[in-house]
Amino acid sequence: MIYTCTLNPSVDYIVHLDELHVGELNRSVKTFTFPGGKGINVSRVLKRLGVDSTALGFVGGFTGGFIESELRKEGIACDFVHVPGQTRINVKLKAGRETEINGEGPAVADDDAAQLIAKIGALSAGDVLVLAGSAPTSLPADMYERLAARAVNRRVRLVVDTSGPALGALLACRPFLAKPNHHELAELFGVAMVTREDIVLYGRRLVEKGVEHLIVSMGGDGAFYFNEETALFAEAPQGTVKNSVGAGDSMVAGFLAAQANGKSIEEAFAYSVAAGSATAFSEDLCTKEEVEALVDRVHIVHL
């Protein structure tokens with residue numbers, strides 16, 4: 001079973017405007033409301049690709065109830081820890097350029113954190129745990145490390161999609177899959193930016209340190225894949241970008257779904273890139289039909 005963990009989920013409120021006038025009354029052209037958060041996005045895309053998962057994390061209040069209700073409507077199992085306060089609302093204003101206003105999540109008490117750690121401790125060997133996104137400031141700084149340690153002790157396969165110090169700490173846990181983007185990779189190695197040659201160097205170094213599968217995404221400029229035997233580069237399909245949210249999460253889901261269906265590494269990587277591109281070209285997360293329409297347009301090169 002695949003489990004996704006979102007420590008700081010959100011209700012994403014997408015507002016489309018012809019033009020944004022600061023300090024004045026604005027009227028929307030159209031609006032959308034989605035359950036949000038990187039792990040939740042992974043669960044939603046997995047379901048669309050025909051793979052079941054269970055969503056873990058913290059939710060609270062009527063906004064948390066909305067997330068659970070929407071996920072269950074989509075056929076996604078939930079096992080959240082319920083906390084006092086309200087799950088945050090993130091507002092995304094689309095008026096030519098995109099403006100984001102991210103809310104503050106609820107405080108998570110020590111007892112609530114202990115409940116989530118216990119849920120991770122009940123997973124079985126061979127399960128997959130996706131740790132993705134940011135953590136509320138009320139949680140201990142090493143919360144991700146605690147969850148990862150409990151998962152590793154249970155011989156759970158760890159998937160890592162986060163950034164900053166948490167990314168470095170989790171990579172030390174020898175994850176099954178990690179998916180930093182090129183900016184996060186640069187930050188990890190303490191440099192301002194990375195060239196493609198740098199990505200190959202650093203990618204192979206991370207694999208040597210124990211990352212089993214590594215995908216480094218570069219948005220519309222493609223992506224790299226590394227394991228002990230193989231290094232690949234994928235040219236991303238070209239299209240009109242409509243959505244900046246969830247493309248990386250879709251890449252994670254695409255790779256896991258393809259692997260669950262017995263695809264080769266090269267096929268899984270191509271499916272991953274197609275899923276990320278399909279989400280970028282859509283108003284919402286990708287559908288299976290959109291991914292499969294793009295996968296043959298992903299050109300893979302062996303390095």
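**Figure 1. Contacts of Leu129 in the predicted model.** Leu129 touches Tyr3, Cys5, Leu56, Ile120, Leu123, Ala151, Val156, Arg157, Leu158 and Val159, leaving aside residues up to four places away in sequence. The structure shown here and in the other views is a predicted model. Leu129 and Leu147 have the most contacts inside the largest nonpolar core, a set of 44 residues. Another core lies apart from it and has 41 residues, including Val42, Leu46, Ala257 and Ala274.

**Figure 2. The paired strands β9 and β10.** Strands β9 and β10 are parallel and share five bridges. Ala132 stands opposite Asp161 of β10. Because four of the five residues of β10 are buried, this strand is largely enclosed by the rest of the structure.

**Figure 3. The buried side of helix α5.** Helix α5 spans residues 164-171, and its buried residues are Gly164, Leu167, Leu170 and Leu171. They lie on the same side of α5, because the arc they cover around the axis is only 100 degrees. An α-helix has 3.6 residues a turn, so residues three or four places apart point the same way.

**Figure 4. Two arginines with positive phi.** Most residues other than glycine have a negative phi. Arg155, in the loop between α4 and β10, has a positive phi near 60 degrees. With a relative accessibility of 63%, Arg155 is exposed. Arg174 belongs to the loop between α5 and β11; its phi is also positive, at about 55 degrees, although Arg174 is not a glycine. Arg174 is exposed too, at 57% relative accessible area.

**Figure 5. The open four-stranded sheet.** The strand order is β3-β2-β7-β8, and the pairing in this open sheet is mixed. Strands β3 (30-36) and β8 are the edges, each pairing on one side only. On average, and with direction ignored, neighbouring strands of the sheet are turned by 15 degrees against each other. Helix α2 (residues 61-73) lies across β2, β3 and β7 and runs at about 85 degrees to β3.

**Figure 6. Strand β7 and its two partners.** Strand β2 (residues 10-16) runs parallel to β7, and seven bridges join the two. The pairing of β7 (residues 88-95) with β8 (residues 97-102) is antiparallel and has six bridges. Lys92 takes part in both pairings: Ile14 has Lys92 of β7 as its bridge partner, while the partner of Lys92 in β8 is Glu100. The hairpin of β7 and β8 has one residue between the strands, and Gly96 there takes a positive phi near 80 degrees.

**Figure 7. Packing of helices α8 and α9.** The axes of α8 (residues 247-260) and α9 (residues 265-280) are 7 Å apart, and the helices pack at an angle of about 150 degrees. The crossing of α8 and α9 is right-handed. On α8, the contact is made by Ala247, Ser250, Met251, Gly254, Phe255, Ala258 and Gln259. On α9, the contact residues are Ile265, Ala268, Phe269, Tyr271, Ser272, Val273, Ala275, Gly276 and Thr279.

**Figure 8. Surroundings of Ser277.** Ser277 is a residue of helix α9. Ser277 has a relative accessible area of 8% and is therefore buried, the limit being under 20%. Ser277 touches Ala236, Pro237 and Leu294, not counting residues up to four places away in sequence.

**Figure 9. Thr137 and its separation from Ala257.** Thr137 is part of the loop between β9 and α4. At 78% relative accessibility, Thr137 is exposed, the limit being over 50%. From C-alpha to C-alpha, Thr137 and Ala257 are 32 Å apart in space, and 120 residues apart in sequence. Ala257 is among the residues of the 41-residue core.

How values were computed: Residues are numbered from 1 along each chain as its sequence is written. This is a predicted model: local features need pLDDT of at least 70, side-chain atom pairs count only at pLDDT 80 or more; totals for chains, interfaces and linings use all residues. Side-chain values use heavy atoms; hydrogens and water are left out. Buried means under 20% relative accessible area, exposed over 50%, partly exposed in between (1.4 Å probe, protein chains only). The arc is that of the directions from the helix axis to the C-beta atoms. A nonpolar core is a set of buried Ala, Val, Leu, Ile, Met, Phe, Trp, Tyr and Cys residues joined through side-chain atoms within 4.5 Å. Contact means heavy atoms within 4.5 Å. Two strands pair if DSSP finds at least two bridges between them. Axes are lines fitted to C-alpha atoms, for helices over the stretch in contact, and angles run from 0 to 180 degrees between N-to-C directions. A crossing is left-handed if the near helix is turned anticlockwise from the far one by less than a right angle, and right-handed if clockwise.
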